[in-house]
Amino acid sequence: MDIKKTVIALAEAGGASGSEECAAELALSMLREYCPDAEIINGNVIGHFGAHKEGLPLLVLDAHIDQIGFVVTYITDEGFVKVGNIGGIDRRLLPAQPVVIHGKRDIKGVICSVPPHLTNGGSEVLEIEDAAIDTGMTKAELEEVIGAGDSITFDVKCRDLIGRRITGGALDDRCGVASVLYALELLGDKPLAYNTAVIFSTQEEVGERGAKIGAFEVDPDIALAIDVSFAYAIGEDESKCGYLGKGPMIGVSPSLSREISDKLFTAAKNADIPCQTEVMSGLTSTNADRYSVNRCGAKACTVSIPLRNMHTPVEVIDLEDVELTAKLLAEFIREG
């Protein structure tokens, strides 16, 4: 697998929460190479890896397929598209951002920006209800192709940075999807310590809704939520961040299984895989929170890829961390 091409292809596929079809279909086509039974069930991409063996616990690898975005609320008489947010948008960077409205066909636009000359040299952070998209089309023209409820995503392509770092939108959590796929490739036909299922879940950004459905559908004994977490950048609290290029961040929290956290650390040590510790004092705000209380509960843990500029069109990851995450997952799942 070309991990870079896989990450970029997934990250550039549209799929805001609730409208993940494009990204899900792409992920499904990739997963079927390893899980021939994979299918889309209630929006989630679900597949089973390897032959089922009686007596082994069922492990789920979960990575969410959705991304943050916007939703069309209405079109003004002047032809501007008003929006609401889907997920935790960073409103500080909204003005002048290019976007794509996913209607009957894709329509490109830009979020309106008031020139500094007209704001007395300063401006406040734009409220989402004040944001509007300019497409250059009239209201009548727009109503032919888009309508209330259509999703909107940032219009951004991935770009290379120094070394193996890349920037783009929707790296949260398409890089996690790619790491799961690469882990399956690394496992090949080797004996496994677990019966293994994969869920690329929907609607994580609006309350882990897809994972809740997927957890009930598959009912795992153990669940690993493969997501992203904060990578240190200037001005941030280092104690709350990981570091790019230093490997996956293994979660430790009262809401997670310490048994599974410890097994992940042991797997990393045994395979000489660099890793980092991510301490959370309560819930994790990831899909792990849903799996841990599903039915009679599952032993859940997080494995996170460090990422800068979360929930922006310029998220940054190091592909080395994606590969190391996959290697850790494979080592954890492999028998012995």
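# Close-up views of the predicted chain

**Figure A. Q203 is found in the loop between β12 (195-201) and α5 (209-218).** Helices (DSSP runs of H or I, at least four residues) and strands (runs of E, at least two) are numbered from the N terminus. The model is predicted: local features need pLDDT of at least 70, side-chain atom pairs count only at pLDDT 80 or more, and totals for chains, interfaces and linings use all residues. Residues are numbered from 1 along each chain as its sequence is written, and side-chain values use heavy atoms, with hydrogens and water left out. Q203 is not a glycine, yet its phi is positive, about 55°. Its relative accessibility is 21%, which counts as partly exposed. Buried means under 20% relative accessible area, exposed means over 50%, and partly exposed lies in between (1.4 Å probe, protein chains only). E208 lies in the loop between β12 and α5. Its phi is near 55°, again positive in a residue other than glycine. E208 counts as buried, at 14% relative accessibility.

Figure B. The chain has eight helices and 17 strands. Its radius of gyration is 20 Å, close to the 20 Å that the globule rule gives for 336 residues, so the chain is as compact as a globular protein of that length. The radius is taken over C-alpha atoms, and the rule is 2.2 Å times the number of residues to the power 0.38. Along the principal axes, the C-alpha atoms fill a box of roughly 65 × 40 × 35 Å. Of the 336 residues, 53% count as buried. The accessible surface comes to about 15100 Å², and 50% of that belongs to carbon and sulfur atoms. Areas come from the Shrake-Rupley method with a 1.4 Å probe; for residues, only the protein chains shown count as cover. Take the contacts (heavy atoms within 4.5 Å) between residues at least 6 apart in sequence: 76% of them join residues at least 24 apart.

**Figure C. The largest nonpolar core holds 75 residues.** A nonpolar core is a set of buried Ala, Val, Leu, Ile, Met, Phe, Trp, Tyr and Cys residues joined through side-chain atoms within 4.5 Å. V7, L31, F200, L224, L264, I317 and F332 touch the most other members. Helix α4 (residues 171-187) gives the most to this core, with 10 residues. Apart from this core lies another, of 21 residues; I89, V99, I107 and A131 are among them. In soluble globular proteins, nonpolar side chains tend to be buried together. Which residues does L31 meet, leaving aside its neighbours within four places in sequence? L31 is in contact with A38, V45, I46, G47, L181, L184, V198 and F200.

**Figure D. Helix α4 holds S179 and D173.** S179 is buried, with a relative accessible area of 0%. Neighbours within four places in sequence aside, S179 is in contact with I226, I305, V322, T325, A326 and L329. S179 and I3 are 176 residues apart along the chain, but their C-alpha atoms are separated by 8.1 Å. What kind of peptide bond joins D172 and D173? The bond is cis, with omega about 0°.

Figure E. S304 is buried, at 2% relative accessible area. P306 counts as buried at 0% relative accessibility. S304 touches D227, V228, S229, P248, M249 and E278. P306 touches S229, A231, Y243, L244, G247, M249, Q276, V316, I317 and D321. P306 and C241 are 65 residues apart along the chain, with C-alpha atoms separated by 8.1 Å.

**Figure F. K269 is found in helix α6 (residues 258-270).** Is K269 buried or exposed? Its relative accessibility is 72%, so K269 counts as exposed. K269 and V114 are 155 residues apart in sequence and 53 Å apart in space, C-alpha to C-alpha. Across the chain, the mean positions of the 30 positive and 52 negative charges are 3 Å apart. Lys and Arg count as positive, Asp and Glu as negative; His and the chain ends are not counted. Each charge is placed at NZ of Lys, CZ of Arg, CG of Asp or CD of Glu.
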